[in-house]
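Subject: Structure handover and notes

Hello,

I am passing on the structure that we spoke about, and below it you will find my notes on what turned up in it. Please read them with the structure open beside you.

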Amino acid sequence: MPNMRNTKNEMPSQAPDVRNKNFDEVALGYTETMALDEAARCLNCKNSPCVTGCPVNINIPAFIKKTAEGDYEGAYGVIAESSSLPAVCGRVCPQETQCESKCVRGIKGEPVGIGRLERFVADRHRKNGSVAAERPTPNGHKVAVVGSGPAGLTCAGALGKLGYDVTVFEALHTPGGVLVYGIPEFRLPKAIVAEEIDQMKELGVVFETNTVVGRTLSVDDLFDDGYEAVFIGTGAGLPRFMGIPGENLNGVFSANEFLTRINLMKAYKGDGDTPVMHPRRVAVVGGGNVAMDAARCAKRLGAEEVYIVYRRSENELPARAEEVEHAKEEGIIFRLLSNPVEILESENMFVGGIKCVRMELGEPDASGRRRPVAVEGSEFVIDVDAVIMAIGTSPNPLIKSTTEGLDTERWGGIITNDEGLTTRTAVWAGGDAVTGAATVILAMGAGKTAAESIDRYIKERG
Amino acid sequence: MFKIIEKKELNPTVTFMKVSAPRVAAKAQAGQFVILRVDENGERIPLTVAGYDRDRGTVDIIFQIVGATTEKLNALAEGDNIHDFVGPLGRPTEIEGLSKVAVVGGGVGCAIALPVARALKDAGCEVHSVVGFRNRDLVILEEEFRDVSAKMKIMTDDGSYGEKGLVTDALRSLIESGEQYDRVIAIGPLVMMKFVCRLTEEFGIPTVVSMNPIMIDGTGMCGGCRLTVDGKMKFACVDGPDFDGHKVDFDEAMKRSSVYKDFEKHAREETCRLLKGGNANA
């Protein structure tokens with residue numbers, strides 16, 4: 001008999017006023033008892049609507065069934081068939097809009113905690129030091145993957161499992177892309193990303209860091225080196241700014257810069273040589289997950305007051321509800337329906353405040369959301385000494401500008417067909433480089449689709 | 001890991017290193033830069049390529065010891081490894097189609113100016129070099145500059161070597177003596193580049209400067225290196241590092257270069273730093 005309780009097992013977490021002073025993981029993970037109890041809530045629906053909500057189509061009822069039976073390695077095996085990064089997805093996927101949004105249990109109560117169970121299974125697998133993945137028989141075909149974020153890792157992992165000789169080229173000194181430079185330690189411990197990457201190395205995937213494709217090597221160089229196909233998963237790394245006065249003042253950072261200093265450059269541990277500003281009062285502009293991450297990092301660095309400044313209302317916040325909730329619990333102050341118009345200078349080019357205007361919601365715009373309209377004469381100033389811009393990123397033009405025949409949209413996204421094939425022969429692309437800033441799991445889905453297409457292409461060529 | 005093939009002291013605060021980095025060497029051009037990290041916890045610092053040997057697969061760097069990272073780097077010996085070394089980054093300096101150029105270098109900026117001067121000469125351009133230092137002990141790369149220059153002026157602040165005065169004094173006298181330059185390329189401390197640009201604007205000579213602001217990744221990701229050029233926001237790492245000097249907002253760039261001043265453990269006095277050509281991030 002399934003467990004018919006209408007609520008999920010709650011995720012044990014660090015208390016808000018404790019965790020907002022450290023960088024340790026916020027969510028602590030289910031115990032075995034909780035996992036067994038939660039897994040028993042799954043009805044094992046025949047048509048498995050949850051699977052249709054998963055960008056990489058994990059056989060969710062099957063892994064939950066194995067979990068309920070206590071066969072955690074079996075459950076891991078089911079997930080690993082479809083996902084290269086289970087421990088990552090269990091933490092950062094927006095399950096509430098994906099698998100869990102389709103769960104039948106969600107109709108009358110809360111859906112099954114699929115993400116939490118995925119994390120439990122992946123963590124259990126990590127801790128119990130399972131057998132090393134068996135190396136597939138090499139098929140002798142070389143594929144290059146550019147970028148080691150979620151899209152690149154997934155594509156590389158999928159091809160590696162099929163026996164391809166895969167090399168991943170990464171511009172930074174550590175592989176992982178946004179998983180290491182962007183998402184903070186307290187949401188996704190860096191050790192977990194490193195372990196997932198080590199697992200891929202076990203499969204035979206080679207990682208070449210410090211290699212900027214578009215500068216150190218061109219896509220043409222890769223073909224000259226004998227790679228038969230190239231996958232571009234270079235993400236959307238170029239930070240946007242608002243174009244308002246004062247954005248070049250000292251103390252104004254892109255979220256990318258602020259988070260990179262803290263995550264990749266290890267300011268969170270306090271033992272990196274890279275300096276990071278420890279602001280006293282901070283305004284983070286934007287309402288997405290990146291804005292929440294930046295705000296929560298600033299708080300952990302000791303900021304007394306951290307504001308989220310967002311031009312629409314709470315309903316339109318693009319961040320996951322859970323992240324917004326966490327941020328609020330940790331004392332982040334939300335200044336909604338507020339739009340910055342100028343960053344003010346204190347002295348010698350340092351930030352002294354941010355001038356905003358109040359907004360009200362008008363008619364729906366192209367995105368379907370009600371368009372914010374400035375209320376005349378409603379300017380107000382928030383007294384801050386740092387401003388972090390988290391208003392989005394664009395794809396990096398470095399590869400486009402050095403690769404002939406690779407067409408992009410006007411805004412920079414690489415144009416592909418449904419399989420991820422670009423306008424250039426034997427070049428695929430996926431993830432934020434194609435879609436613009438989106439989620440880890442969508443990038444993984446694109447990496448997986450492209451891997452399947454690359455496999456077909458190479459097999460057809462013989 | 002990237003092995004240091006050769007190391008020598010150019011003056012007590014400036015060091016030359018030849019580093020094995022075949023992929024970077026294969027693509028590097030004058031005006032581009034690399035980013036390196038000395039060790040596992042190291043900071044990423046940009047250094048302009050001071051030379052390269054495609055056959056041997058080596059890249060030369062020249063750096064001034066101004067902070068913790070450059071001190072660590074300087075503590076490495078021949079045969080040691082640099083943890084990370086990535087490049088070439090940025091756009092190369094434009095050298096085609098120029099017949100006569102004045103190359104102005106200040107302090108350690110001369111290390112960056114030299115490969116540009118050399119590339120110009122190789123392209124058949126007549127190069128006049130004006131290099132400035134605080135004093136005789138700090139003069140670097142004199143022979144190398146002489147080799148590539150049809151005319152050369154060395155300036156020192158205290159007159160202990162060459163002529164006493166600033167690079168702008170020497171450049172002004174060259175221009176006023178009737179030298180007709182297609183372009184002036186100025187590389188050195190921000191304050192020097194600012195005043196070179198002010199001078200050349202007076203004479204209407206197009207001037208290119210090489211900006212070396214604080215940055216992390218060098219590929220356009222952090223936006224830390226942004227500056228204002230012709231009223232627009234530019235990223236030095238991908239849009240530069242070379243810019244039209246007459247359009248750069250130097251005052252803003254100088255202030256931005258000091259953002260982590262308080263954090264720099266071994267930072268010298270600001271004026272000294274600006275004079276000497278060290279960068280906040282170098």
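The model scores ipTM 0.89 and pTM 0.92.

This is a predicted model, in which local features need pLDDT of at least 70 and side-chain atom pairs count only at pLDDT 80 or more, while totals for chains, interfaces and linings use all residues. Residues are numbered from 1 along each chain as its sequence is written, chains are lettered from A and ligands numbered from 1 in the order in which they are written, and side-chain values use heavy atoms, with hydrogens and water left out.

Salt bridges

A search of the whole structure finds 49 salt bridges over all chains, a salt bridge being a side-chain nitrogen of Lys or Arg within 4 Å of a carboxyl oxygen of Asp or Glu. One of them joins the side chains of A:Glu25 and A:Arg91, with 2.6 Å from N to O. This pair links distant parts of the chain, since A:Glu25 is in the loop between α1 (16–19) and α2 (32–39) of chain A and A:Arg91 is in helix α6 (residues 86–92) of chain A, 66 residues apart. Here helices (H or I, at least four residues) and strands (E, at least two) are DSSP runs, numbered from the N terminus. Both A:Glu25 and A:Arg91 are buried; buried means under 20% relative accessible area, exposed means over 50%, and partly exposed is in between (1.4 Å probe, protein chains only).

A:Glu342 also forms a salt bridge, with A:Lys355, and the closest N and O atoms of that pair are 4.0 Å apart. A:Glu342 lies in strand β10 (residues 338–345) of chain A and A:Lys355 in strand β11 (residues 351–364) of chain A, so this pair ties together parts that are 13 residues apart in sequence. A:Glu342 is partly exposed because its relative accessible area is 27%, and A:Lys355 is partly exposed with a relative accessible area of 27%.

In chain B, the side chains of B:Glu6 and B:Lys8 meet in a salt bridge of 3.8 Å, N to O.

Nonpolar cores and a covered helix

The largest nonpolar core has 73 residues, and those with the most contacts inside it are A:Ile60, A:Phe63, A:Ile64, A:Leu179 and A:Ile454. A nonpolar core is a set of buried Ala, Val, Leu, Ile, Met, Phe, Trp, Tyr and Cys residues joined through side-chain atoms within 4.5 Å. Helix α17 (residues 440–461) of chain A gives the most to this core, with eight residues. Leaving aside its neighbours within four places in sequence, A:Ile60 is in contact with residues including A:Cys50, A:Cys99 and A:Ile114. A second, separate core of 58 residues includes A:Val309, B:Ala186, B:Cys197 and B:Met254.

Helix α5 (residues 72–82) of chain A is mostly covered, with eight of its eleven residues buried, among them A:Tyr72, A:Tyr76 and A:Ile79.

Aromatic rings

The structure holds eight aromatic pairs over all chains. Rings of Phe, Tyr and Trp (its six-membered ring) pair if their centres lie within 6.5 Å, and planes under 30 degrees apart count as stacked, over 60 as edge-to-face and the rest as tilted. The rings of A:Phe169 and A:Tyr227 have centres 5.9 Å apart and planes at 80°, so the pair is edge-to-face. Both A:Phe169 and A:Tyr227 are buried, and the charged end of A:Lys142 sits over the ring of A:Tyr227, 4.4 Å from its centre. Elsewhere, ring pairs link A:Phe23, A:Phe186 and A:Tyr268 into a cluster.

Best wishes

Key. Contact means heavy atoms within 4.5 Å. A charge sits over a ring if NZ of Lys or CZ of Arg is within 6 Å of the ring centre and within 35 degrees of the ring normal.
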